[in-house]
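Hello,

Here is the structure I promised to pass on. Please open it before you read my notes.

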Amino acid sequence: MDKKPKTSPDPIDFDRIRDWVFDLDNTLYPHHVNLFAQIDRNMTTYVQELLQLEPEEARVLQKRYYHEHGTTLQGLMLHYGIDPDSFLERAHAIDYSALLPNPELGEAIKALPGRKFIFTNGSVPHAEAAARALGILDHFDDIFDIVAADYVPKPAGATYDKFASLHRVDTRNAAMFEDLPRNLQVPKTLGMRTVLLVPRNLDTVLMERWEKLSDEDDHIDYVTDDLAGFLGGLRTS
Ligand SMILES: [Mg+2]
């Protein structure tokens, strides 16, 4: 059996899907918008001020917590007991003007049969601001954020369970869209259809990427660099 991810959506694979679950950052808007660079800088400043560190030291610690705990926030909560709400507010105090309305994406999401969710390691205000800027906020039924997850980020299994039980999602009839491969591992074991978003203009290197995908990437059903096109393909096929 060919385990390589597919690029064109096969409608049969999505026939049974009733719940559509989307990561936010670098998934609902493309990687090249680079909104996360602003959030990243805000988090560095937060760590710097909290612990009176030099910027470089703050950055090293921030990245260490990200790798060890899944998010910088989780590391800061565990080690310093910080107030998560003020951290999230500071981290997401960014300029959203780089996000432009994406009517094609909005139409494609609207046309999907069933419920649509945003499932993010960020906050609800951040998700709302981003989705509003994209002109797609109204098409979602709900947003599951890091607060709803008790600050335990994806890819922790407990967080997916919490999301699924809160919204009564039958994961066997759900699809998950994500830009981080590791965040698709649990969804696949739960029976979800998994779609990996990759940066644009990767047509030429996609083949190389596939060559590099190992058995560890079995959990990725599809790869695409064009979310609106992918979802539109489901509708028109
Ligand atoms: Mg993401």
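Predicted model: local features only at pLDDT ≥ 70, side-chain atom pairs only at ≥ 80, totals over all residues.

Residues are numbered from 1 along each chain as its sequence is written.

The protein divides into domain 1 (11-31 + 99-236) and domain 2 (35-91). Those bounds come from an automatic or database domain assignment. The C-alpha centres of the two domains lie 25 Å apart. In all, 10 residues of domain 1 are in contact with 9 of domain 2 (contact: C-beta atoms, placed from the backbone, within 7 Å). The domain 1 side has 6 nonpolar, 3 polar and 1 charged residues (nonpolar: Ala, Val, Leu, Ile, Met, Phe, Trp, Tyr, Cys and Pro; charged: Asp, Glu, Lys and Arg; polar: the others, Gly among them).

Next, the core. The largest nonpolar core has 54 residues, and Leu 28 and Ala 175 touch the most other members. A nonpolar core is a set of buried Ala, Val, Leu, Ile, Met, Phe, Trp, Tyr and Cys residues joined through C-beta atoms within 7 Å. Buried means 20 or more other C-beta atoms within 10 Å of a residue's own, with C-beta atoms placed from the backbone. Leaving aside neighbours within four places in sequence, Leu 28 is in contact with Phe 22, Ala 130, Ala 131, Leu 134 and Ile 136.

Best wishes

Notes: Buried ≥ 20, exposed ≤ 12 C-beta atoms within 10 Å, placed from the backbone. Contact = placed C-beta atoms within 7 Å.
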